[in-house]
Amino acid sequence: MTGIVIVSHHPDLANGLKELALQMTSVDIPLAVAAGIDDPDDPIGTDAVKIQQAIEKVYSDDGVVVFMDLGSAILSTDMALEFLDENQRKNVHLSAAPIVEGVLSAVTQAAAGASVQSVMEEANNALSQKQASLEEEYPSDSNSGSETDTKKTSIPENAIKLELTIANSLGLHARPAAQLVQAANRFKSDIYIKNEDKEKNPVSAKSLNQVLLQEIRKHDTITLWFAGEDKEEAKEGIIQLADDHFGEKTSSRLSEPKNVETTESDSIPDPDEEGAWKGTVISPGLATGPAIRPSTVTPKISKETSSSSKEEWSKLQEAIKAVKSELSDQKKKLEQHDSEAAEIFDVHLLLINDSQLLERVHKKITENGVSAAYAWKHEVDAVIESYAGMQESLIRERADDLREVTGRVLHKILDIPWRKISAPKTPSILVTDELLPSDIEQLKSQSIIGVAAAKGSPTSHASILLRGTGIPSIVALGDKAIEKVQEGKDVVIDAVNNQFYPHPTNQQFKILSEQEATWKERSQATEEDRKKPAETTDGTRFRILGNITRSEEAKTAIEKGAEGIGLYRTEYLFLNREEQPDIDEQYRHYSVAMESMEHDQTLTIRTMDIGGDKNVGYLNQIHEQNPNLGWRGLRYHLDHPELLHIQLQAILQAAHDTERHVEIMFPMVTSISEFKKARSVFKTAVSEISNYNKELISLGIMVEIPAAAILIDKILPHVDFISIGTNDLVQYTLAADRNNEKVQAIANPLHPAFLTLLHKVIKTAAESDTPVAMCGEMGGDPTMTPLLAGLGLRDFSMSPGRIPEFKWQARKLDMAKAEELALAALDCDDPEEVARLLSPE
Amino acid sequence: MITKQEIINWLERAGEIYEKQRGYLTELDKAIGDADHGNNMNRGFQKVTENLADHSDSDIKNILSMVAKTLISSVGGAAGPLYGTLFLKGAGSIDASDEISDSDLLHFWEEGIKGVQARGRAEAGDKTMIDSLLPALETLKQSIGNNEEITKALEKAAQSAKKGMEETIPLIAKKGRASYLGERSKEHQDPGATSSYYLVSALAEAVSNNSSE
């Protein structure tokens, strides 16, 4: 396959382009980047040696095409050619195409298996597409660049015809067009395409640029011609692709604009000086003990096979069948206690039922005569790679699911057992590359006291299941953290302080073992008292509530000592799926959460807060420069009142039927007028329920925008309650993104400006007897309690795991001192001064 | 005759000059380019100076090849491959030894500059580094042909380079980013020609200092 090299002054430019280009294809393309120079202070530039290495990396005798940005990129590439072996040099071509358009065209063309000459040609044509699309604006400059468009192609007489109407919402834009071109290139026949609605001339359907130039939009009718020995198969192939909406039917989510998440495992490169690594804590706690590594023997796969294609194909089908039945069993087991988690296995079942994938594997087996295992692994890896390259973490996580489920199939084909966590006799710590959902079931039945994983994220399926076990665990530690850990050697997980010690010194191990014992004792003590109220030494009573994401967690929260739910984030229900949940499904989830409450407890349910860092494809969101200051929360809902209406109906009906007290909370409110609009949607929803009990429902807002906090006195007369969302209120007040490492430290809730705002909100609410709670990170941090209690806060909502410890600490609080502390803090000049007040050392 | 020590002194002197003139070069580049030439040259030659410490046992050819590789990988802008080529081609034209003859030195510059022209496809008068290098080379050739003292020859070459550099002021740039400016590149001295002048004058200084000591 033709190799591609991107040369640029700036690594971001080159890597961004690479990512963009690889989305065009699911085929593994040899593509390398040579960008920037090795100067951390000023990385902009080009380096001929790097370019040489990049070329060598993707080099094959099929040839390499190099794309450069400008100036020294060209000079340096020129120089790199000189460094190359003479035999290689003649196969390396420098493209004069505009770099972005050129690379995208080249990748698609290379993926289709085109020769280096045709990749070069296609890249050079790339400019004409853009010129053609801008032509209308420059009428005087006619004919320029649209040469390819005006060149007449004559259709052979014996060609067969196919007419299609395009249903894709964005027409045949880059990705579906790429699918068409790749499919067309799989056939020997000549294939032509013409957009009948735009009065275009027929062009080759094997060229992406030509297809894009046809400007095929939704509802356009296109004609395809097929001429050649396999024309019937080709027609059939394109029909199938069209039936599948050119790959967009099952992956429409993938084509939506995405937000870049800034906190991912790449931001945690090294251990601290103590040798401890940071990751993402899934479940807090301490654990010391010998490591075990799950036995993931990478199976040996041979490409050749002695059996017939037919036998290989049926081997694969048997394997898939067996895995499906295993998955169904696991699902059934899990369904009894957590139906939402059980749905994870539905996703898995869906993934191995992918007909496109199976078709490709079938083709590989029959046409290339390779073994089923080889064909399966080869095709699956391509899909995994394309998922893994996605920017949105929720989609990337599908790669983990896919890796697991396809791995199981592979092991079945080869008839070797899927990975087992070997039962340790002594309590042990699982150290693994990544945790798979099926591992969790195994963990529960064994003496695993801690988990450390190199990969993972807080919202992955495995993490959700893991959190339920309560085993101290940290994920996303990075590959380096775990790579040298040996089975049987002691490791330490300090998931209280987010530290993983892969190679603790004897001294460290000793100290941390002692801490572990204390932590266990302490957590036992706090656990025992978890249902008792949090009452300070002088008898001030706090109300402790739980933050939950899924309806099932309500039960866990109450079990952990919550006196109600202070924040039910409903958006999880809307994420990670093809279409929005209907009213019945929403009703079911809300009812489950409500039924977990006692009748004297309250559930605060937040209407869908999509946008910001959470983006959902089917909601037709737009790509925003700055999503956190964008179209999210109630702002989105007020533009789509029909969606808000459905959600409110579901909540109201559930509250009505379960007879629980429910607070409905609207997120991202800037002005009271927005609340009033939401309230009128609410009133319509109420009017649709007969015998509605008004006592059950309160309406309020989440105070997370400084505007709402500053004008809190204007808001309070209209609402029944408020809850302070500190995460956003802090970052909006201090203009610092909490996910941006560079400015994270500025987003400090101890900033006196923020505390002043907080004080105003709490005090004004208290004066008007409006209940005020806090549901952000700050509220669940016991070190903040004296300050917050001193400012007058009484209702704290936090993640359920924190409640026992939080209550335990709150009981020791001296209110008089807390009030003194708060007054002193309000008088401070900067957050550092407040921090010194909090922990005088 | 040029000794290894003189070559080392030359490169170190060049490093000092680029450090000192970093702001000035960048200022010149800001007018007609992308304002990075001073930083780029300084970065490249500071790396060269660092690497010299590991080359106490190398011969001159080796040292000059090291300079080429260092500049290629660390300068970043167009000056990287261009100065890299100067040293690479230049080093390729001389023998591996701890001393080189005057005519070897001339070869170094002849081949090096030829390489730069081929790489950058620049002619005299295009408002590039070539505009100070070519006059310097011409003078050096004449002086060595007349059997002049090498210190004298280099001094004259540096003067020619300076003159060439100053003469870039009224020129219209034909190469590099400055060429985008067309007419507007007039009335500015070319930063590349300036850094090339510094390179030649550093050599003149290094050789004359050494012989006077």
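**Entry 1**

I looked up E229(A) first. I found E229(A) in the loop between strand 8 (221-227) and helix 10 (231-243) of chain A. The model is predicted, and I read it as such. E229(A) belongs to a negative surface patch.

**Entry 2: A735(A)**

I turned to backbone angles in chain A. A735(A) is not a glycine, yet its phi is positive, near 50°. I placed A735(A) in the loop between helix 27 (726-734) and helix 28 (752-767) of chain A. A735(A) is exposed, because its relative accessible area is 71%.

**Entry 3: chain B as a whole**

I moved on to chain B. How many helices and strands are there in chain B? I count nine helices and two strands. From the N terminus on, I read the order as β-α-α-α-α-α-β-α-α-α-α. Chain B has 213 residues, and 54% of them count as buried.

**Entry 4: helix 1 of chain B**

I took helix 1 of chain B, residues 4-20. This helix has 17 residues. From first C-alpha to last I get 24 Å, close to the 24 Å expected at 1.5 Å a residue. I listed its buried residues: K4(B), E6(B), I7(B), I8(B), W10(B), L11(B), A14(B), G15(B), I17(B) and Y18(B). Two charged residues, K4(B) and E6(B), are on that list. For the spacing I kept a general rule in mind: an α-helix has 3.6 residues a turn, so residues three or four places apart point the same way.

**Entry 5: R121(B) and helix 7 of chain B**

I looked at the loop between helix 6 (102-120) and helix 7 of chain B, where R121(B) lies. Phi of R121(B) is positive, near 50°, and the residue is not a glycine. Is R121(B) buried or exposed? R121(B) counts as exposed, because its relative accessibility is 56%.

I followed the chain into helix 7, residues 130-145. Helix 7 of chain B has 16 residues and reaches 22 Å from its first C-alpha to its last. That is close to the 22 Å expected at 1.5 Å a residue. Its buried residues include I130(B), D131(B), L133(B), L137(B), L140(B) and I144(B). Among the others on the buried list I noted S132(B), A136(B), T139(B) and S143(B). After helix 7 of chain B comes N147(B), with a positive phi near 55°.

How values were computed. Residues are numbered from 1 along each chain as its sequence is written. Chains are lettered from A and ligands numbered from 1 in the order in which they are written. This is a predicted model: local features need pLDDT of at least 70, side-chain atom pairs count only at pLDDT 80 or more; totals for chains, interfaces and linings use all residues. Side-chain values use heavy atoms; hydrogens and water are left out. Patches are made of residues with over 30% relative accessible area and no salt bridge: like charges are joined within 9 Å, nonpolar side chains (Val, Leu, Ile, Met, Phe, Trp, Tyr) within 5 Å. Accessible areas come from the Shrake-Rupley method with a 1.4 Å probe; for residues, only the protein chains shown count as cover. A salt bridge is a side-chain nitrogen of Lys or Arg within 4 Å of a carboxyl oxygen of Asp or Glu. Lys and Arg count as positive and Asp and Glu as negative; His and the chain ends are not counted. The place of a charge is taken as NZ of Lys, CZ of Arg, CG of Asp or CD of Glu. Helices (H or I, at least four residues) and strands (E, at least two) are DSSP runs, numbered from the N terminus. The expected span of a helix is 1.5 Å times one less than its number of residues. Buried means under 20% relative accessible area, exposed over 50%, partly exposed in between (1.4 Å probe, protein chains only).
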